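The structure comes first, then the details.

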Amino acid sequence: MSSVGLLYVGAVLCVNGLVQIGLVRPRGATVLNFTVGAMQMVFPTILVAGANGDPGAILAASGLYLFGITYLWVGAIGAFDLPADGFGWFSLYVAFTAAVFGGAAVVLQSDPVAAAMWWLWSVLWFLFFLLEALGRTRLRVPTGWFAIFCGLGTCTVPALLQLLGLYAPSAAAGAALGLAGATVLAFALLRGRRSLPAAAGDGAAGPGGPDSTRIPARIVIRS
């Protein structure tokens, strides 16, 4: 993923994470989702068209469509109040594919940081699957916090380092990123479990339940 695209993916993940924790209304994130989703469809198309059959270039561009479809779908869910179960099952496909891309980053690109990024995205999209396809709404707030971490740690910071010419992937950096992601996810899940008595059960419309006065966050995590 290019540094420019990665920068804006970081923004949309952060905003969609804020939707999940109830600080942004779903419709308030639609413009960013549609914009970044369109970018993630146009950019890879340009890259594939200019790849001249180069398998490496096509591989690098192909994963971007997964995110482009994600953000366009999430934008439509937020704008038109569509059901999110189909998106949830698509997220399972993205989670599997992202795990494969992570392996390719190690084997074909020798980039452990990119591998850690892909594997963390795989975990995030698997959470989207659990949340939207299986209705595990108790995961909504932890998923939101993890999305924000991924937006900053796997997108914004690497993109800025690339743009400034300071990106230097190493095994240590990849391991540190993976450990940070695991720590954030574990802490978010633990905090979410401790707050269960005050939270909505499975099937609730948002973090505070069907009758909550909090901002509804029924469907806009992804990113």
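Buried means under 20% relative accessible area, exposed over 50%, and partly exposed in between (1.4 Å probe, protein chains only). By that rule, Trp118 and Trp121 are both buried. This is a predicted model: local features need pLDDT of at least 70, side-chain atom pairs count only at pLDDT 80 or more, and totals for chains, interfaces and linings use all residues. Residues are numbered from 1 along each chain as its sequence is written, and side-chain values use heavy atoms, with hydrogens and water left out.

The structure holds twelve aromatic pairs (ring centres within 6.5 Å for Phe, Tyr and the six-membered ring of Trp; planes under 30 degrees apart are stacked, over 60 edge-to-face, the rest tilted). Two of them are tabulated here.

| Pair | Centre to centre | Between the planes | Class |
|---|---|---|---|
| Trp118 and Trp121 | 5.1 Å | 80° | edge-to-face |
| Phe126 and Phe129 | 5.7 Å | 40° | tilted |

Trp118 and Trp121 sit about one helical turn apart because they are three residues apart in helix H5 (residues 112-133). Helices are DSSP runs (H or I, at least four residues), numbered from the N terminus. Phe126 is partly exposed because its relative accessibility is 37%. Phe129 is buried, at 7%.

Ring pairs also build a cluster, with Phe67, Trp73, Trp118 and Trp121 among its members.

Helix H3 (residues 55-80) meets H5 through Gly63, Phe67, Thr70 and Tyr71. Their partners in H5 are Trp118, Trp121 and Trp125 (contact: heavy atoms within 4.5 Å).

Terms used
Helices (H or I, at least four residues) and strands (E, at least two) are DSSP runs, numbered from the N terminus.
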